[in-house]
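This report describes one protein model for a reader who is new to structures. It begins with a single residue and then widens to the whole chain.

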Amino acid sequence: MAALRKRGAGTSSPFQDSKEGIGDSSSVDADSKKITSTRWIFFFILLFYACSLYTGFKATRAVPAPKKTAESDGSEFVEETARRHLEAITSFGPRPAGSYANEVQAVNFIVGVLQEIKETAREDVIIEIDIQKPSGSFDLGFIAGFTSVYREVTNILVRITMKKNYPPKNTVLVNGHFDSVPGSPGASDDAVSCAVMLEILRCLAETQNFDFDHGVVFNFNGAEENVLQASHGFITQHKWVDTIRAFVNLEAAGAGGREIVFQAGPDHLWLIKTYAEVAPHPCAQALGQDLFQSGIIPSDTDFRIYRDFGQIPGKLLDLAYTANGHVYHTNYDTPAAVTPGSIQRAGDNILALIKGIVNSPYLADPGEYRHGAVVFFDFLGIIMVHYPERISLVINVLTAFVVVLCLIRKFLGFPGKKDVKKGQIAQQSSLSSLLFSMLVLLLSWLVGIATPVVLSLLLTYAGQSMTWYCHPYLLLPLYAAPSLLGIGLVHVAARRRLLTKSKAEYEKEKPATVSWDERKSSCLSARETEVFYAVLLLWTIILLVMSFYRLASAYILLILVIFPLIVRVLIFDNFIAAKIANQNFIEKSVLINIIASLIPVKFCAYLLICGFDVLLPIMSRSGTDTPPDLFIAVLCASAVVTLTSYMVSTVYVMGDLKLPALFLFLVSTLAIVISLLGLSFPYSAVNQCPKRVFFQHTSREFYNNEGDTVLQDSGVWTTPLDYLGIKPFSDVPMFRNASLAPQYGVYGGFPYYLPLRQLMRNSWYIPGPPPKVTTSQLAVTLLARERHDKIYSFKFSISGPDHMTVYLSPSSGVNLLSSSLGTLYPIEDENGGDRVTYFIYYSHGTDVGPWEFSLELITEQELPAKSSLMDFAVAAQYIHGKDSSSPVLREVKKAIPDWIFANTWVVTYKSWSFTL
């Protein structure tokens, strides 16, 4: 035993720190080798993560080569043809509903292409074309909620059916919209989808020897940006609706790249099954569905309308482009922004999907696939995985059960034993040590999140927010590195405490049975194992919680659990660990943890890139009240926690970590200094990362009950869409004296285009001359006003442009009894006390004369004479045409920097306070 102890003292220990060595030359050499090994291992781990992120990035940009017409046999989808359609539609400029570009030019072009396809179609198919002009109203719980009213908006419907199956009993609907938001060519949102639909229709019409059992309906939707009006008109009124059994919606939240299936169901999992089987380039994540339906993403699609108002619940797929979201809804959304190959990818996938659906027996009778949600995801675009939610629950629970059994076996069933003959000490772990490791792990995660959060608050209050907006790579040193540093420091501190405690216990042993190096090695090895198992247990708990709440995205936690469980716990710990117990333990631990976490890290890095593609650009339109750096810091920290969760345990088996810590500290400091000095400006015209600002040249008139003017003013109402407000361009002379817009009157007294007041809390007002409107001037006429006991009725006639908004708020003690529009959607008005506000969004595609509507109010009790009854206001939104501009707005656009996307239009606003 004496000889054994002597040999142990002189042997290089993989856990030897320079401060903890015995002191002879052998220990010093061992320490030097260990420090060098630690450095290389740390940077090797960084390289592993860098490669994982790069792989994920490349996977999110993978698109096939675009095909050309000359190379096609007529049955294939050809990007060159679809791109010609895209360029033609966008050549008309911005196409808001009601504009000449939308209602005439775009409609004529699309119908012309449809006629050409019909004329050249094979003889055994029937193609029908119908132009619908629906009118209607509905309530929509989007943003703060509102009532939407539309008149004579446009849908271009096409139905293709085999002659032998005509008229079709079952059809699949494909939807895309050709209108755009004001000021944007709308190439990706959503002219490219219309171009794809035209080319898919051509393929179906010209492909010989392709029989299909069911029909296809294409809806070229002309009023989606009017908050989903045209789709409502179609699904509630059109004659072909009764045959529709499934729906595929084509949308965009970015420009180019891959289209992703981000919503499905909630039932009829056969649609996802068909997509997975036939799509040549699958890309689908149920995580997107959970995020989108949670309201985190401030947008909505026709998916909601077809799901909530149609007779096709559960048979829906929602696809959208997500890359390069900076150009979304801006003047940069041109055909050039739609990357080559992205149209080809979308066309190949959707054509294959439609072909699969029209010959699927499940379209007519879903059978066993009728009910039940579905879990779906792709891995790096290579493979598509899907299974019913009920199966997901079984898999998740069984996986958790196996984890619990392994934990019981590891920490309760088999206590460690000493092997005195071999001079070794077995790793001894207990349930209490596992729980302690879990607490340390949770503390490290808390510190890892808190550190970048504190930095984000520092940058926010220093006025240097969003420095990463045009430079997303800055997030790595700015928030990811501090998070990793915070996590590591907690574990280094825990390691020192463990060694100090173990050394004190070791020195009390007389005589010691093993060397200190062996004791330390066993102690740290046990702690590394405990931390690894603690991570596994925590992810398992979260997996069960997500399963309990039936979140489809629980599959992410399943991947985080099942692969480390198989590789490290079931295979390595049971069959390999004992055989290589004394062989380069540091390298062994790092290698096995990398192997165990390889699939989870690759997958989570892939999801991370997809998530940042969507969420980073949203920060430019997330409102003036929410600090985006705080959200992004938490997101980055959560990503670091997830990606490094299974590697933090290696801190306990590595040597001196001063150099890695210094490296992380220096890169973080450099990024913070760059941000604080303003060297990374958030916006760029060159990189097409604009700041979004609404400039509305507004005239306002406020009237009392008798119709007398009590206030009249005009100016430029300026509403930035992000947290920085007007600060980045406050040095522009005309904005130096801009003041916060005073909020008074119904819904703040300003002409909000959508109910965004709670999101855009800060806006600015610059007094100036009133705009001159020469066409479709706003005229509000009170046709009738009557009283019957406690009931007061009003009937209004409103004339104006094709976009108007109405705001009404009954006074305290007064309630809205009814309206000619049906039940109106109430919203909370924070400055209204206990008053309820109603927001009505109106538009028309074709002018059909004045809009009339009536409402009835009822008082809760008898009110004194002259008591306030209701505030009522109307805003005429001139978002296109010659009246949409003015000399003042042209001066604004000339004065502001080129990195601002200025969405400008003219507004006339009139408000009345009605009394008893």
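Thr904 counts as buried because its relative accessibility is 16%, where buried means under 20% relative accessible area, exposed over 50%, and partly exposed in between (1.4 Å probe, protein chains only). Thr904 is part of strand E26, which covers residues 900–915. Helices (H or I, at least four residues) and strands (E, at least two) are DSSP runs, numbered from the N terminus. Beyond its neighbours within four places in sequence, Thr904 is in contact with Phe695, Ser884, Leu889 and Lys893; a contact means heavy atoms within 4.5 Å.

The model is predicted, so local features need pLDDT of at least 70 and side-chain atom pairs count only at pLDDT 80 or more, while totals for chains, interfaces and linings use all residues. Residues are numbered from 1 along each chain as its sequence is written, and side-chain values use heavy atoms, with hydrogens and water left out.

## The whole protein

The protein contains 19 helices and 26 strands. Its C-alpha atoms fill a box of roughly 110 × 70 × 55 Å, taken along the principal axes. How does the radius of gyration compare with that of a compact globule? For 916 residues such a globule would have a radius near 29 Å, and the protein has 32 Å, which agrees. This radius is taken over C-alpha atoms, and the globule rule is 2.2 Å times the number of residues to the power 0.38.

Of the 916 residues, 59% are buried. The protein exposes about 36100 Å², and carbon and sulfur atoms supply 60% of that area. Accessible areas come from the Shrake-Rupley method with a 1.4 Å probe; for residues, only the protein chains shown count as cover. Among contacts between residues at least 6 apart in sequence, 81% join residues at least 24 apart.

The protein has 76 positive and 81 negative charges, and their mean positions are 11 Å apart. Lys and Arg count as positive and Asp and Glu as negative, whereas His and the chain ends are not counted. The place of a charge is taken as NZ of Lys, CZ of Arg, CG of Asp or CD of Glu.

## Confidence

The predictor's confidence in each residue, pLDDT, runs from 0 to 100. Its mean for the protein is 88, and 90% of the residues reach 70 or more. Where does pLDDT stay under 50? One stretch is residues 1–33, for which the model has 54 contacts beyond four places in sequence. Another is residues 415–427, with 21 such contacts.

## Backbone details

Most residues other than glycine have a negative phi, and most peptide bonds are trans. The peptide bond from Tyr166 to Pro167 is cis, with omega near -5°. Pro167 is placed in the loop between strand E4 (155–162) and strand E5 (171–177). The bond from Asp189 to Asp190 is also cis, with omega near 10°, and Asp190 belongs to helix H5 (residues 187–206).

Glu152 has a positive phi, near 55°. Glu152 sits in the loop between strand E3 (146–151) and E4, and it counts as partly exposed because its relative accessibility is 24%. His329 has a positive phi as well, near 60°; its place is the loop between strand E9 (316–321) and helix H10 (342–358).

| Pair | Along the chain | C-alpha distance |
|---|---|---|
| His471 and Ser680 | 209 residues | 7.6 Å |
| Val454 and Leu201 | 253 residues | 54 Å |
| Ser483 and Leu114 | 369 residues | 55 Å |

His471 lies in the loop between helix H12 (431–461) and helix H13 (475–508). At 19% relative accessibility, His471 counts as buried. Not counting residues up to four places away in sequence, His471 touches Ser680 and Phe681.

Is Val454 buried or exposed? Val454, a residue of helix H12, is exposed, with a relative accessible area of 55%. Ser483, found in helix H13, is buried, with a relative accessible area of 0%. Leaving out residues up to four places away in sequence, Ser483 touches Gly448, Pro452, Ala637 and Val640.
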